[in-house]
Protein chains: 4
Amino acid sequence: MLYFMNDYSEGAHPKILEALVATNMEQHVGYGLDAHCENAIDLIKKRIGQPDAEVHLLVAGTQTNTIALCSFLRPYEAVISTELGHISVHETGAIEATGHKIIEMPSKDGLLKPEQIDKACDSHVDEHMVLPRVVYISNATETGSIYTKAHLEAIRKKCDQRGLYLYLDGARLANALTCDDNDLTIEEIAALTDAFYIGGTKNGILFGEALVILNPELKSHLRYTIKQRGGMLAKGRLLGVQFEELFRDDFFFELSKHTNEMSKLLRSGIKALGYDLVTESSTNLTFVVLPNPIHAVLSKECYYEAEKPFDENNIEARFVTSWATPKEDVEKLLKLLANYKKIYA
Amino acid sequence: MLYFMNDYSEGAHPKILEALVATNMEQHVGYGLDAHCENAIDLIKKRIGQPDAEVHLLVAGTQTNTIALCSFLRPYEAVISTELGHISVHETGAIEATGHKIIEMPSKDGLLKPEQIDKACDSHVDEHMVLPRVVYISNATETGSIYTKAHLEAIRKKCDQRGLYLYLDGARLANALTCDDNDLTIEEIAALTDAFYIGGTKNGILFGEALVILNPELKSHLRYTIKQRGGMLAKGRLLGVQFEELFRDDFFFELSKHTNEMSKLLRSGIKALGYDLVTESSTNLTFVVLPNPIHAVLSKECYYEAEKPFDENNIEARFVTSWATPKEDVEKLLKLLANYKKIYA
Amino acid sequence: MLYFMNDYSEGAHPKILEALVATNMEQHVGYGLDAHCENAIDLIKKRIGQPDAEVHLLVAGTQTNTIALCSFLRPYEAVISTELGHISVHETGAIEATGHKIIEMPSKDGLLKPEQIDKACDSHVDEHMVLPRVVYISNATETGSIYTKAHLEAIRKKCDQRGLYLYLDGARLANALTCDDNDLTIEEIAALTDAFYIGGTKNGILFGEALVILNPELKSHLRYTIKQRGGMLAKGRLLGVQFEELFRDDFFFELSKHTNEMSKLLRSGIKALGYDLVTESSTNLTFVVLPNPIHAVLSKECYYEAEKPFDENNIEARFVTSWATPKEDVEKLLKLLANYKKIYA
Amino acid sequence: MLYFMNDYSEGAHPKILEALVATNMEQHVGYGLDAHCENAIDLIKKRIGQPDAEVHLLVAGTQTNTIALCSFLRPYEAVISTELGHISVHETGAIEATGHKIIEMPSKDGLLKPEQIDKACDSHVDEHMVLPRVVYISNATETGSIYTKAHLEAIRKKCDQRGLYLYLDGARLANALTCDDNDLTIEEIAALTDAFYIGGTKNGILFGEALVILNPELKSHLRYTIKQRGGMLAKGRLLGVQFEELFRDDFFFELSKHTNEMSKLLRSGIKALGYDLVTESSTNLTFVVLPNPIHAVLSKECYYEAEKPFDENNIEARFVTSWATPKEDVEKLLKLLANYKKIYA
């Protein structure tokens, strides 16, 4: 069975596991105050060029978004996001469960347009409405698209004009920053946002997201919120050890380069075979218009997500590569797609 | 100065005040357990033809919506509403503040289409998303439109198919049920919904909304929720006395008949003068495309809400009538609009 | 039937009703932005000697406490109160429902001791525990006791040392400030607290509590929170008109003087008859040790609260006077108690 | 440096790590729906003798308590706990952050007395107060004490009489069930509670707690709540693999037997040396009255928690053993304590 379901199907890159094994019997204080966490946080701060950043190592993405946003917002304040934003649909109302409205803007490609920030603010004008305070974007987005430097700068400018904080969900940040279409660095991400997170779970470690807070106004009692929201890991060292590996010698980016290469190979192959893409993607998510009969047979040999019907005759299929995807698997998948194209087209 | 700002500009109809004065020195137990509340609730249950309904007399609309919805929903459940629903925009995120997402569907006229219920359910399919559980509609809507019997029955049917509760916000229910376009009775409203509220504040009393719960599944510990959410009035008798007046001899509907007549007069006059309406309305809200120069002068002689720009040359103006609107005021407003039309058109 | 159940058994003092009738047909903007609210707020600010205070007129006590505390506290912060505090027991977890822990300190008389503030702070020392931030006290307390000036100053000092805000629940503030044992003025209350509220519901008006915020750090977006928490009255003018009456010519204090006199008369009579008090009270709540057989007969002629068993042979009975209690009723009650004492003792 | 700080100072038992390494490159669906989770859950259900139990594998203790309780309780309902309960003090108000009050009962030994359940229920009698619904106990408790079978049965009986659910926090359940004073089995725990959790983090795995729900009334949409509260691990298989190891051949209990033996050795040694215990303990927490001068020197050679001052001359020191504590370390610690006793006593 081929596996293109997601980028968290395996455990961790062997190098990560080795580090966990090597440090296993060390004795450390709990809750993320150990030497590995400290060192990992130092490595991250250096790499992003922000010595004064506050960094917290957390376990999972929904947890990180929830902790960040419920910490940044006062009860009557709201966050602006596209309707495709992970917080909008795929977190079971986690943000609303902390009491905050998400102002959702329409989107096809997952990218928030600067003028949508104006629209959200202009339609929330007094105390009978929530007060927009944070802009949430994902890079890479939920469709695999990415923000260019110009786009991110334009959003930053709007946020400054409107008195908003900019928070970037980086569950797939590594993929965004190492794909062909990218013109941003992680230093620029850090310079242009008020807070963002560096995703580890989808980039080769067992679990872990590094929440980075740049704006001093937002650095308040985060550890209290982390504990209260169930995000404080007793053996925090596990996060420290893993992020040390990721941020030693840019292993973080090395992993995602492979991920992106595999998707590039896959996409060019798919296109060459005459399949249509549902939407353009720059990173490791590929959305394909897959004829129903092909889906019927392919799904018995390959795991992938059948997102939803595209039209009467086709489904939207999502193929995802990861640090662990072998080139042979991409080639096998392309071979299957080639065969079925011939048979069913 | 003319007043077409809203339907809560005055205190209460004199008959209501008289009843409050007449009962003032009676001594009653607090918190809505007094004889007036009991009697008012009996009158309401009889009038709607639902002897087994559970009725709670509350102070205000946002409070009522919040108490109802946070009582009906479990933490992971959500409410479906149009994007124009009062809960969606005009309650400062009150529903989200209780932890629940509002699934907002696009709308121009404020009426939820049955197929939008399907759409909301079909796009929330597993535990990574909230679970739709309540459908929220307003009658009359926030734009002054109303639900026909066929429309309400279609929504009821969808709710039954989808396992959803139907909750109707009746802040302006009296207006809906007494306008020319209406074909629904209050008995039918009660028969077709799981819960609804009967708005008093906007129909002639000082304050008060009667929350009616029909579905036995939803009748659980409401008084706990009311107290917790700050909705339990110490001198609950004030609500009892006022609703007794409203539901004695259908005074409730008598008040709104006048309201609607005044708006009908106003709308026909406005159309006759050649002004355009932003949207059709059946009840007491009239949205007019008002040229900017006319707005500039008219707003010095009449209070009304200047909702937002309609286009470069016009604003959207909202004119509201109430039980207290004198016919002469409507005539004066029409005269002003006639004059300005001549001067500025 | 005699009525010593509570201080909100009647409607309002006739003077209040007259003002509501007199202003009834005036047309005003909604939501507390009208001229009566403005004027009432000015009168309050003058009376308390705090021209820069922020004042909000709200409907009810639980609502006021909830809005104040959820506005003052960040999610991980907590409020310190005695275990008898109204917020601790009698508000159905309203504060917890906004996400905040109440750190409850033991108490018999309802008065928080300054050293209990130290104890609460010393037992909450890091991010695994909530962060104490507000001290909540009631004056008069739930047992009828009051804070002396020295006591309030000592609590203020502790709050300053510990970085805490001081919030005073004044549901029965008028009673506290006009009783014989009192040595505080309302100006001093305002000078010593960060915020407090002036209770109207239990002192002669239909409903209404004036939330007064002194500390500029706490004056942030209150109207958003009020709207979100269901506390914004459409016809806010009703609150304005009533508080205008209360704060014109110190009518507020005149009402409570009568209340206190009636309780003083009652208590001295009760003691003279040889009944024991459960606890000393300075204001309008009197807790009496009432033999069971006397309770059995008295409760058929007089409404009062039978709080709980005192011991096997007695109950704790609570007798409350109000602005509306006639002297004759106190005398009738004392006569009954005298008779039953003879019969059953 | 010796380490008696806590039972989560190391990573995991080597056997656990080996299993994670061995299964690392397997490809699995995410979010706990994989074969390892299924198998682990089967093993647990068999071991506790409850084929119909619902089991969820979660990451951490505060997370588990929060998810369980906010799922079991309706907004106006509360949980009863001792004041020493982990949820009462050491989870930064996590339960209150989901909107629920904890009714805290006084305690020295961490064990809830059956009559305290009566007391909590009897003092919460109407809708002005929260409604007690869940009883929370920990076994072993936060002081190291344990529930006997008779005690647990008495609590179960009270819960049945009062209509309450019984939830047991088993962060240190393995220690409770394998200590000398214990007379309960895990099957009995499962038979006597409505839900409980089996703690892994403090018993030899990297992280993980298994929430077990026995009462069908509580088995509703847990996966929605888990996702919403940030507790759904993308690579859920990590939990499955670890719990498979724990529940294969009772490795779970084997680990805690060692833990308890080390504490027993330590306690008998400490007592023999003439030190006083703050409180009796049956399991792996030992609270010692440590003279200040001894603490001053010992704390340079050994990590342990200096809980708080015991009196002017002593502190309360907490020594914890774990699956990883070598016998030699206990002996070294006892030797130090013996030496210092001679020098400073």
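Chain A splits into two parts in the domain assignment: domain 1 takes residues 2-6 + 252-344, and domain 2 takes 14-250. Everything described here comes from a predicted model. Between the centres of domain 1 of chain A and domain 2 of chain A, taken over C-alpha atoms, there are 28 Å. Where these domains touch, domain 1 of chain A puts in 18 residues and domain 2 of chain A puts in 20 residues. On the domain 1 side of chain A, two elements give two or more residues each: helix H12 (251-272) and strand S10 (285-291). The top contributor on that side is H12(A), with eight residues. Sorted by class, the domain 1 side of this contact in chain A comes out as six nonpolar, nine polar and three charged residues.

How far can the model be trusted? For chain A the mean pLDDT is 97, and 100% of the residues in this chain reach 70 or more. For the model as a whole, the scores are ipTM 0.96 and pTM 0.97.

Now for the way the chains meet, starting with chains A and D. Their contact draws 40 residues from chain A and 40 residues from chain D. On the chain A side, four helices each supply at least two residues: H1 (14-22), H3 (61-72), H5 (94-97) and H10 (222-228). The side of chain A that touches chain D holds 19 nonpolar, 17 polar and four charged residues. What rotation superposes chain A on chain D? It is a rotation of 180°, with 0.0 Å of shift along its axis and an RMSD of 0.0 Å. The two copies are therefore related as by a two-fold rotation axis. As for the surfaces involved, 100% of the interface residues of chain A are also interface residues in chain D, so these copies meet through the same surface.

Chains C and D make a contact too. Here 16 residues come from chain C and 16 residues from chain D. In terms of class, the side of chain C that touches chain D has seven nonpolar, six polar and three charged residues. Chain C can be superposed on chain D by a rotation of 180° with 0.0 Å of shift along its axis, at an RMSD of 0.0 Å.

Seven strands of chain B line up as an open sheet in the order S2-S8-S7-S6-S5-S3-S4, with mixed pairing. Which strands of chain B sit at the edges? They are strand S2 (54-58) and strand S4 (102-105), each of which pairs on one side only. From one strand to the next, the twist averages 20°.

Within this sheet, strand S6 (residues 165-169) and strand S7 (residues 195-199) of chain B pair in the parallel sense over two bridges. Looking at individual residues, Tyr167(B) stands opposite Ala195(B), which belongs to S7(B). A helix also joins the picture: H7 (residues 149-162) of chain B packs on the sheet, where H7 touches strand S5 (131-138) and S6 of chain B. The direction of this helix makes about 145° with that of S6(B).

Note on methods
Residues are numbered from 1 along each chain as its sequence is written. Chains are lettered from A and ligands numbered from 1 in the order in which they are written. This is a predicted model: local features need pLDDT of at least 70, side-chain atom pairs count only at pLDDT 80 or more; totals for chains, interfaces and linings use all residues. Domain bounds come from an automatic or database domain assignment. Two residues are in contact if their C-beta atoms, placed from the backbone, lie within 7 Å. Ala, Val, Leu, Ile, Met, Phe, Trp, Tyr, Cys and Pro count as nonpolar, Asp, Glu, Lys and Arg as charged, and the others, Gly among them, as polar. pLDDT is the predictor's confidence in each residue, from 0 to 100. Copies are superposed by least squares on the C-alpha atoms of residues with pLDDT of at least 70 in both. Two strands pair if DSSP finds at least two bridges between them. Axes are lines fitted to C-alpha atoms, for helices over the stretch in contact, and angles run from 0 to 180 degrees between N-to-C directions.
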